[in-house]
Amino acid sequence: TGAGIHEVWRPPCDDLPVWISLPYGVPRPDRPGLRVVRRHIGPAPVIVNGLRCEPAAQCLLIAARDLHELDLTCLIEGMRHRGVLSEVDEDRLLSEAYPGSPRLRRAFGWATGGSESIWEVLLRVLHKSCDVAVLAQHEVRDADGVFVARGDLWLLGTTRLHEFDGAVHRDQEQHRKDLKRDRRLGS
């Protein structure tokens with residue numbers, strides 16, 4: 001829920017409850033579809049788009065109780081992409097022990113950064129699970145060092161780029177740019 005408020009990519013999970021975080025001693029609301037997480041002393045809430053919310057790092061920590069490493073990897077990459085997860089936050093999350101911390105640490109091991117969409121994260125993790133070494137956002141240059149293109153994933157040691165093109169690539173103008181880029185790569 002907090003990731004949505006922070007406008008971070010979220011894994012495609014259906015039927016998840018709405019999570020709220022309350023300190024001990026505050027009465028627990030009992031509503032269908034609502035999950036209450038209790039916390040001792042946590043970071044102060046932040047205001048995001050007019051809503052009171054946990055800081056992004058705290059949202060990630062709470063999500064680690066229930067989500068799989070792959071889903072957490074998507075959240076980590078999305079938070080990095082949005083700039084709402086600092087290195088200090090990451091160090092704290094990796095060093096403290098909370099429910100879900102081991103799962104969160106494994107997800108940080110999968111998160112390498114550089115992805116520009118949740119689908120690129122999933123494509124990279126798929127390659128990793130198949131033991132295929134890739135580099136995200138690889139720049140291709142010609143023999144003179146002039147920029148030719150940038151690819152979502154470069155298969156290390158090859159001349160292959162793997163791309164995940166979302167719906168924006170169906171736009172006529174974007175399609176023209178993509179074809180022009182493909183011609184540059186082909187030469």
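Visitor: What should I know about the model and its numbering?
Guide: This is a predicted model, in which local features need pLDDT of at least 70, side-chain atom pairs count only at pLDDT 80 or more, and totals for chains, interfaces and linings use all residues. Residues are numbered from 1 along each chain as its sequence is written, and side-chain values use heavy atoms, with hydrogens and water left out.

Visitor: How many helices and strands does the protein have?
Guide: The protein has seven helices and seven strands. Both are DSSP runs numbered from the N terminus: helices are H or I with at least four residues, strands E with at least two. From the N terminus, the order is α-β-β-β-β-α-α-α-α-α-β-β-β-α.

Visitor: Which residues touch the most other members of the largest nonpolar core?
Guide: They are L60, L72, L75, I76, L85, L93 and L104, out of 23 residues in that core. Such a core is a set of buried Ala, Val, Leu, Ile, Met, Phe, Trp, Tyr and Cys residues joined through side-chain atoms within 4.5 Å. Buried means under 20% relative accessible area, exposed over 50%, and partly exposed in between, with a 1.4 Å probe and protein chains only.

Visitor: Which element gives the most to this core?
Guide: Helix α2 does, with six residues.

Visitor: And what is L60 in contact with?
Guide: Neighbours within four places in sequence aside, L60 is in contact with L72, L75, I76, M79, L85, L93, L104 and F108. Contact means heavy atoms within 4.5 Å.

Visitor: Changing topic, at roughly what angle do the axes of α4 and α5 cross?
Guide: The axes cross at roughly 135° and come within 9 Å. Axes are lines fitted to C-alpha atoms, for helices over the stretch in contact, and angles run from 0 to 180 degrees between N-to-C directions. The two helices are therefore oblique to each other; under 35 degrees counts as roughly parallel, over 145 as roughly antiparallel, 65 to 115 as roughly perpendicular and the rest as oblique.

Visitor: Which residues meet there?
Guide: E90, L93 and L94 in α4 meet L104, R105 and F108 in α5.

Visitor: Is E77 buried or exposed?
Guide: E77, which lies in helix α3, is buried, with a relative accessible area of 1%. Its contacts beyond four places in sequence include W9, W110 and R124.

Visitor: How many disulfides are there?
Guide: The count comes to zero disulfides, a disulfide being a pair of cysteine sulfur atoms within 2.5 Å. For C59, the nearest cysteine sulfur is that of C53, 4.1 Å away.
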